[in-house]
Amino acid sequence: MSIAQSLLAIVLEEAQRHQVSRVTKVAVKVGAWANVVPSSLTFSFDLIKEGTLASEAVLEIEQMPAQGACHACGAKIDMAQPVFACPECGSKDIELTSGQELYVDHIEAE
Amino acid sequence: MADINVGRNILEANERLAAEHRQRFAAAGVKVLNLISSPGAGKTSLLEQTLSRLAGRLRCAVIEGDIQTDEDARRVAACGVRAVQIETQGACHLDGAMLSQALQPLDLNALDLLIIENVGNLVCPVDFDLGEDMKVAVLSVTEGDDKPSKYPALFREAGVLLVNKIDLLPYVDCDLERIHRTCRALNPQQVAFDVSCKSGEGLSAWVDWLESWVKG
């Protein structure tokens, strides 16, 4: 719920700054490892958007896959499940490169 | 119709506050820990044991996060340590705004160590940076050895892992080595201690380490 509140605050701030009267769509990107459940975020957002410029806004959530990279051999690694070693070379020197995103990409408004 | 590019982090308000707090902590020379575990892992018992051993060695204070009641703050205060209670009224984690309030009565310059006990929860507290120097994960053996792989975010970010209630190992199916193997893989730099607040085992190693970390 507090994530939905922060999201709505950003949307309303942007709407005011661009002097629009109605927000129709809010597009957010959520990484697979961001600890955010899209259906819960939508549920919370829909509850609190009532009575605001965003009351008719549709929340569009794009889920970003969790990816990593191996520092030893440079391989790109699918981190959808926790991975502890590089599947290519076995090195443990691996890093999560994407999957923790949680941001408002764009909004559509009138 | 207008298409407005935003590109803003949803947690930016919290992260701004975290950066402010981090600066205040550094300026006051106080080290700050964010203590995270599931409910009942023994965070408050660990605090009681840790703080009583640190008496006369470090100047400590505690911020207690709970959904309701000030029971934990009273337990900590009984150890002779200043404790400020945050009642989140339903929120499952602490955030920067709650912390700002709780910091008001504290004189950070008079402290060496501030421990923030987060709300019992292995998920949401990890997303809300409080400006701490380090996260400490507490896991009790009764919760099962699968927790680090089920909740990897906390165990990857924690600088210290405390495995609590090891006096109960003979009675539970918990593979201690599996916990450590998973956590080492998630975060090879992590420091780990096996402890029991009941028997006292392992606590002086943890407290000695903590004291030198704070002074270091």
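Two strands count as paired if DSSP finds at least two bridges between them. The exercises below use a predicted model.

**Exercise 1.** Determine how strand 6 of chain A and strand 1 of chain B are joined, and which residue is the bridge partner of A:His106.

*Solution.* Step 1: strand 6 of chain A covers residues 102–109, and six bridges join this strand to strand 1 of chain B. Step 2: the cut-off is at least two bridges, so the two strands pair. Step 3: they run antiparallel. Step 4: the partner of A:His106 is B:Asn5.

**Exercise 2.** Describe the side of chain B that touches chain A.

*Solution.* Step 1: 23 residues of chain B and 23 residues of chain A take part in the contact. Step 2: on the chain B side, the elements giving two or more residues are strand 1 (2–9) and helix 6 (152–157). Step 3: strand 1 of chain B supplies the largest share, eight residues. Step 4: this side of chain B divides into 15 nonpolar, four polar and four charged residues.

**Exercise 3.** Work out the layout of the three-stranded open sheet in chain A.

*Solution.* Step 1: the strand order is 4-3-5, with antiparallel pairing. Step 2: strand 4 (76–78) and strand 5 (94–98) are the edges, each pairing on one side only. Step 3: from one strand to the next, the twist averages 40°. Step 4: strand 3 (residues 67–70) and strand 5 of chain A share four bridges; A:Gln67 has A:Ser98 as its bridge partner in strand 5.

Terms used: Residues are numbered from 1 along each chain as its sequence is written. Chains are lettered from A and ligands numbered from 1 in the order in which they are written. This is a predicted model: local features need pLDDT of at least 70, side-chain atom pairs count only at pLDDT 80 or more; totals for chains, interfaces and linings use all residues. Axes are lines fitted to C-alpha atoms, for helices over the stretch in contact, and angles run from 0 to 180 degrees between N-to-C directions. Two residues are in contact if their C-beta atoms, placed from the backbone, lie within 7 Å. Ala, Val, Leu, Ile, Met, Phe, Trp, Tyr, Cys and Pro count as nonpolar, Asp, Glu, Lys and Arg as charged, and the others, Gly among them, as polar.
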